[in-house]
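Subject: The structure we talked about

Hi there,

Here is the structure for you to look through.

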Amino acid sequence: MTELDPRAIGAPLERTDGRAKVTGTAAYAFEQPVADPLYVHPVQSTIARGRIRHVDTDTAADLEGVVAVLTHLNAPGLAEHDPELHVLQSPEIAFRGQPVAAVLAETPEIARHAAGLVRVDYEQEEHDVVLRADHPQLYAPEVVNPSFPTDTAEGDPEASAEVEVDHEYSTPMEHNNPMEPHATVAVWAGGHLTLHDSTQGVHKARSRLAPVLGLPEERIRVVSPHVGGGFGSKGTAHAHNVLAALAARVAGGRAVKLALTRQQMFDLVGHRTPTIQRVRLGADRDGRLSVVVHDVVEHTSKVQEFAEQTAVSTRTVYAAPNRRTSHRLAPLDVPVPFWMRAPGEAPGMFATEVAMDELAEACGLDPIELRLRNEPATDPSSGLPYSARNLAECLRAGAVRFGWEERDPRPASRWDGDWLVGLGVAAATYPRYYSPGSVAVIRFQGGRYLVRIGAADIGTGTRTALAQIAADALGCGFRDVLLELGDTDLPTATVEGGSSGLASWGATVVAAAERFRAEFGDDPADGAETSAETPEDPAGGTVATHSFGAHFAEARVNALTGEVRVPRMLGVFSVGRVVNPRTARSQLIGGMVMGLSAALHEHSVLDPRFGHVVNRDFAQYHVAAHADVADVEAFWLDEHDPHAGPSGGRGIGEIGIVGSPAAIANAVHHATGVRIRDLPITPDVLIR
Ligand code: MOS
């Protein structure tokens, strides 16, 4: 073993796959080398509701290079009805953009051109794609994602208070735009299906697809060595996976490649629901909260429910004797919504944390002081003690770093030429999820430890950080660990979701390492091997485990144009132990940039006449780019949370986007005196 190896946890190691990625040799899903592939391109519905009356595929099929045109009339059947995955099985149309046919051809260009030649006649029905707070079909789901109660109530939520703020907030429909579009390469051979897929969980993708395709799981292999981002959208299988599998069925043994276009991603891989949120806060004149009400209206698709958990963080962040949270869904003719980085917490904490800023103003209190006065001793949602609730420390440390004390509390008091300048703050919280159900196998081979687990590295650096955890647990050097992930041929692993990956897989790897050392010592023979399952949750229902953070933002608003610039963002986080500071910082500032993007730019504009998102590319759906991002800094407290698992960390993937949009909205208010309660904050609104 190499003496000079860095010893693992806490070291800011570079990604082990960094060189392969920047030199272009890391093979992503679409680039997996398969011999002589065919290409598939979907044809999408141009109506939002109704049914197909007639499909004319003749012109497309006659084109040279076209191998097949699949429609609901000739596509292979599916075994189980999974609404989102029910592709080419019936003439019914549930949303605009639904796949109604698919062309299989020798090149992607021919497939795409031929797809444009397929003629579909529809029997169109009236559709409904508009979310309204008074939508007549509003209903309460059984639970909200993943399994939180839909509503909560304590005391008298209608109670009055000395100081009250009561407003409506809204956040728009948004779409995940990972750098790598969703892609699948499907190969049938000897009754087995292999999918080279861009996914956040190979085993989860397989377990959802197997019943739909009517195959036992052993006959499906999902491989996903490199993933160019997902943010949640790759956290399950979607229709394009089924389309690729169906196309591969008729491809005569040839591989089939399907890469969604950027535009198709606005229909087929989920989205964040728009929300309409009412937040009512009541307090005494000293700012002590007595009422916290958070009522949410959001949408789902009519064919399959997804209920975003928008108000859940409000349940844990502030206590009050009188509280209520609720979620109501409007079923619409839209695609099925799904995860987008911090589903629920991100849009929900925007409303709560802007409302807290409004309450601070109403009480004549500094917004940090208001939050400090409302720090609960135990978790207000469960009543349990926290493993660590260090929000106050994040706020205090951030205030010092950001220069908060120089802030003049009066809004619209600082000018720099034509620009108004303001500072804002907001709190963040995100639950620590621990996912049982993974298995890790460790084998000593050729002088190195081979660690095998079907986990995912979606660009976060898990491949590196998980190997650091393994090296630490095995007591070996980092370079003595060879980690394999991203393949259902590896031991089963949970999906990368809810910022749960590194802590949950890490606990599994540590359990396997401890067993390995107990069985074989530190000088194992070649071929020594053992495995372990994810241990029980060390928090075990005795403590509440949440991460916290404090966001600070400076906003400059041009008084003539309404343009907003954000020259400085700072986040101070309490996330437990950080395994790799380099990759962790990248996650935290990435989340903050996504928060900046939500605050100022992202908005999927749904045309009510036709039911589709109009701004469906990077030219029109603006994701914060280099020119939008200035000084973004993330720090974290020095912690080790033993209740979080052996690595001591509570997860870092999502908390950066929680609260950061509110900090910016609060900074815009401080700069201008104008309170914006609807995202995104665009120049036209500020000028009005
Ligand atoms: Mo994350 S939105 O839970 O993949």
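This is a predicted model: local features need pLDDT of at least 70, side-chain atom pairs count only at pLDDT 80 or more; totals for chains, interfaces and linings use all residues.

Let's begin with two prolines. The peptide bond that leads from Asn145 to Pro146 is cis, and its omega is near -10 degrees. You will find Pro146 in the loop that connects β7 (143-144) with β8 (148-149). Leu679 and Pro680 are also joined by a cis peptide bond, with omega about -5 degrees. Pro680 sits in the loop between α14 (660-672) and α15 (683-687).

Leu88 is not a glycine, yet its phi is positive, near 55 degrees. Leu88 belongs to the loop between β3 (66-71) and β4 (92-93). Ala412, another residue that is not a glycine, has a positive phi of about 55 degrees. This alanine lies in the loop between α10 (391-402) and β18 (415-416).

Is Leu88 buried or exposed? Its relative accessibility is 4%, so Leu88 counts as buried, because the cut-off for buried is under 20%. Ala412 has 33% relative accessibility and therefore counts as partly exposed.

Now find the open sheet of four strands, which has the order β22-β21-β20-β23 and mixed pairing. Why is one side of β22 (481-484) and of β23 (529-533) left without a neighbour in the sheet? Both strands stand at the edges and have a single partner strand each, so one side of each has no neighbour there. From one strand to the next, the twist averages 20 degrees.

If you zoom in on β21 (residues 448-452), you will see that it runs parallel to β22 and that four bridges join the two. Within this pair, Leu450 is placed opposite Leu482 of β22.

Helix α11 (residues 462-474) packs on the sheet and touches β20 (439-445), β21 and β22. The direction of α11 makes about 135 degrees with that of β22. Helix α12 (residues 501-520) packs on the sheet too, where it touches β20, β21 and β23. Between the directions of α12 and β23 the angle is about 140 degrees.

**Empty spaces**

How do we find gaps inside a model? Rolling a probe the size of a water molecule over the atoms shows where empty space is left.

How many cavities of 30 Å³ or more does a search of the whole structure find? The search finds four. The largest cavity has a volume of about 70 Å³. Among the residues that line it are Thr171, Arg272, Phe350 and Leu679. By class, the lining of the largest cavity has seven nonpolar, one polar and two charged residues.

There are pockets to look at as well. The second largest pocket has a volume of about 640 Å³. Its lining is made of 30 residues, and those nearest its centre are Phe148, Asp379, Ser381, Pro431 and His546. At least two lining residues come from each of β8, β9 (152-154), α7 (312-317) and β19 (419-431). Which of the elements gives the most to this lining? That is α7, with four residues. The lining of the second largest pocket divides into 13 nonpolar, ten polar and seven charged residues.

Enjoy exploring!

Best wishes

Key: Residues are numbered from 1 along each chain as its sequence is written. Side-chain values use heavy atoms; hydrogens and water are left out. Buried means under 20% relative accessible area, exposed over 50%, partly exposed in between (1.4 Å probe, protein chains only). Two strands pair if DSSP finds at least two bridges between them. Axes are lines fitted to C-alpha atoms, for helices over the stretch in contact, and angles run from 0 to 180 degrees between N-to-C directions. Contact means heavy atoms within 4.5 Å. On a 1 Å grid over the protein atoms alone, a cavity is a set of points where a 1.4 Å probe fits but cannot get out, and a pocket is an open set with protein on both sides within 12 Å along at least five of seven lines; lining residues have an atom within 4 Å of a point. Grid points are joined across faces, edges and corners, and a volume is the space filled by probe spheres set on the points. Ala, Val, Leu, Ile, Met, Phe, Trp, Tyr, Cys and Pro count as nonpolar, Asp, Glu, Lys and Arg as charged, and the others, Gly among them, as polar.
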